[in-house]
Amino acid sequence: MGFLFGSGLFEIFFMVMFIAVFGMIIVSIIRGVGEWNKNNHSPRLTVEATVVSKRMDVSHHQHGNAGDETGAHGYTTTSSTTYYVTFQVESGDRMEFHVNGSEYGMLVEGDHGKLNFQGSRYLGFERA
């Protein structure tokens with residue numbers, strides 16, 4: 001009797017977890033499409049701005065090597081870096097944008113110039 005109850009409980013738990021993960025994926029896709037659509041409908045703006053800070057987010061991912069040719073069961077670690085730059089506009093408002101690595105490397109805190117953006121999408125920065 002306990003085995004049947006435990007088995008049924010497992011099936012319910014599995015189904016709830018499956019629905020929760022599937023739901024999070026769907027919500028994430030909807031948010032991404034919504035932000036993309038909002039950015040596309042936003043005007044392209046160019047404003048005077050100053051680079052006030054830069055940051056990067058490094059994430060590490062570990063992948064198993066089961067079944068490789070050597071027979072070893074080790075791990076491969078990969079990492080990815082996401083770059084962000086915060087600009088301050090003349091009104092005092094600050095905006096943070098995701099930028100690519102080469103753009104991140106070219107920008108220096110204190111740089112002043114024209115910031116080009118569309119919604120939350122970074123389009124470029126022209127140093128004065």
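Which residue in strand 5 is the bridge partner of Asn116? In this predicted model, that partner is Gly124. The model is predicted, so local features are reported only at pLDDT of at least 70 and side-chain atom pairs only at pLDDT 80 or more, while totals for chains, interfaces and linings use all residues. Residues are numbered from 1 along each chain as its sequence is written, and side-chain values use heavy atoms, with hydrogens and water left out.

The chain holds 2 helices and 5 strands. Both kinds of element are DSSP runs, numbered from the N terminus: helices are H or I over at least four residues, and strands are E over at least two. From the N terminus on, the order is α-β-β-β-α-β-β. Of the 128 residues, 16% count as buried. Buried means under 20% relative accessible area, exposed means over 50%, and partly exposed lies in between (1.4 Å probe, protein chains only). The chain exposes about 9500 Å², and carbon and sulfur atoms supply 61% of this area. Accessible areas come from the Shrake-Rupley method with a 1.4 Å probe; for residues, only the protein chains shown count as cover. Among contacts between residues at least 6 apart in sequence, 49% join residues at least 24 apart. A contact means heavy atoms within 4.5 Å.

The 5 strands form an open sheet in the order 3-2-1-4-5, with antiparallel pairing. Strand 3 (94–99) and strand 5 (121–127) stand at the edges. Each has a single partner strand, so one side of each is left without a neighbour in the sheet. The twist averages 35° from one strand to the next. Axes for such angles are lines fitted to C-alpha atoms, for helices over the stretch in contact, and angles run from 0 to 180 degrees between N-to-C directions. Two strands count as paired if DSSP finds at least two bridges between them. Strands of a sheet pair through backbone hydrogen bonds, either parallel or antiparallel.

Strand 1 (44–64) is joined to strand 2 (75–89) by 15 bridges, and the two run antiparallel. Here Gln62 stands opposite Thr77 in strand 2. Strand 1 also pairs with strand 4, in the antiparallel sense, over 7 bridges. Ala49 stands opposite Gly113 in strand 4, and Glu48 has Lys114 as its bridge partner there. Lys114 in turn stands opposite Glu126 in strand 5. Strand 4 (residues 112–118) and strand 5 are antiparallel and joined by 6 bridges. They form a hairpin with 2 residues between them. In the turn, Gly119 has a positive phi of about 65°. Strand 4 is largely enclosed by the rest of the structure, because 5 of its 7 residues are buried.

The largest nonpolar core has 13 residues. Such a core is a set of buried Ala, Val, Leu, Ile, Met, Phe, Trp, Tyr and Cys residues joined through side-chain atoms within 4.5 Å. The residues with the most contacts inside it are Val85, Phe87, Leu107, Leu115, Tyr122 and Phe125. Strand 1, strand 2, strand 3, strand 4 and strand 5 each give two or more residues to this core. Strand 2 gives the most, with 3 residues. Leu107 touches Val51, Lys54, Val85, Phe87, Tyr122, Phe125 and Arg127, not counting residues up to four places away in sequence.

Gln118 is found in strand 4, and Asn39 lies in helix 1 (residues 2–41). At 6% relative accessibility, Gln118 counts as buried. Asn39 also has 6% relative accessibility and counts as buried. The side chain of Gln118 reaches the backbone oxygen of Asn39 at 3.2 Å. The Gln118 side chain also reaches the backbone oxygen of Ser42, at 3.0 Å. A polar contact is a pair of N or O atoms within 3.5 Å; within protein, one must be able to donate a hydrogen and the other to accept it, and residues adjacent in sequence count only if both atoms are side-chain atoms. Beyond four places in sequence, Gln118 touches Asn39, Asn40, Ser42, Pro43, Arg44 and Leu123. Asn39 and Ser120 are 81 residues apart in sequence but 6.4 Å apart in space, C-alpha to C-alpha.
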